[in-house]
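Hi everyone, thanks for making time today. I'd like to walk you through one model, starting with its helices and ending with its rings. Please have a look at the screen.

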Amino acid sequence: FFSVWEKFGALPERFLISSDEAHQTENYYPQRPEIIESTWYLYQSTKDPKYLQMGKVFYESLMNKTRVEYGFAHLKDVRSGVLEDRMSSFFLTETCKYLYLLFDENN
């Protein structure tokens with residue numbers, strides 16, 4: 001899934017492996033935490049620095065693609081980068097939390 005993130009700068013809600021493309025209608029990114037949460041768990045288990053590098057990519061993508069003046073926004077289409085005027089509560093409570101924990105040396 002990280003290679004999909006690298007391709008789009010976010011993880012589309014649905015990805016078609018056979019065509020290596022985001023689904024035609026489910027190509028949005030609602031800022032779900034699972035890929036970042038999984039990265040945190042993997043880093044905690046292995047201490048492999050590649051997971052910190054992945055976290056850096058996630059962070060930079062979120063800052064460059066979803067940051068808006070007063071917060072963050074969903075990506076309406078990961079292919080075009082069009083934003084949607086919406087931010088789910090789980091973005092702050094989970095997505096940002098796991099990014100923070102990933103880089104917290106005392107955790």
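Before the first pair of helices, a word on axes: they are lines fitted to C-alpha atoms, for helices over the stretch in contact, and angles run from 0 to 180 degrees between N-to-C directions. Helices (H or I, at least four residues) and strands (E, at least two) are DSSP runs, numbered from the N terminus. This is a predicted model, so local features need pLDDT of at least 70 and side-chain atom pairs count only at pLDDT 80 or more, while totals for chains, interfaces and linings use all residues. Residues are numbered from 1 along each chain as its sequence is written, and side-chain values use heavy atoms, with hydrogens and water left out.

Let's go to the helices. Two packed helices are described by the angle between their axes and the distance between the axes. For helix α3 (residues 50-66) and helix α4 (residues 89-103), the angle is about 140° and the axes are 9 Å apart. These two are therefore oblique to each other; angles under 35 degrees count as roughly parallel, over 145 as roughly antiparallel, 65 to 115 as roughly perpendicular and the rest as oblique. The crossing of α3 past α4 is left-handed, meaning that the near helix is turned anticlockwise from the far one by less than a right angle, with clockwise being right-handed. On the α3 side, the contact (heavy atoms within 4.5 Å) involves Y51, L52, G55, K56, F58, Y59 and L62, and on the α4 side F91, T95, L99, L102 and F103.

Now, how do α2 and α4 lie relative to each other? Their packing angle is about 25°, with axes 8 Å apart, so α2 and α4 are roughly parallel. Again the crossing is left-handed, as α2 passes α4. From α2, the residues I36, E37, T39, W40, Y41 and Y43 meet T95, Y98, L99, L101 and L102 of α4.

While we are on α2, S38 sits in that helix and is partly exposed, at 37% relative accessible area. For that scale, buried means under 20% relative accessible area, exposed over 50%, and partly exposed in between (1.4 Å probe, protein chains only).

On to the rings. Rings of Phe, Tyr and Trp (its six-membered ring) pair if their centres lie within 6.5 Å; planes under 30 degrees apart count as stacked, over 60 as edge-to-face and the rest as tilted. How many aromatic pairs does the structure hold? There are seven aromatic pairs. One of them joins W5 and Y29 edge-to-face, at 5.4 Å centre to centre and 85° between the planes. W5 lies in helix α1 (residues 2-8) and Y29 in the loop between β2 (21-22) and α2 (34-46), so this pair ties together parts 24 residues apart in sequence. Both are buried: W5 at 0% relative accessibility and Y29 at 2%. The pair of W40 and Y41 is also edge-to-face, because the centres are 4.7 Å apart and the planes are at 65°. Here W40 is buried at 12%, whereas Y41 is partly exposed at 42%. F2, W5, Y29 and F58 make up one aromatic cluster.

Last stop: Q31, in the loop between β2 and α2, is buried at 0% relative accessibility. Beyond its neighbours within four places in sequence, Q31 has contacts including T66, F72, H74, F91 and T95.
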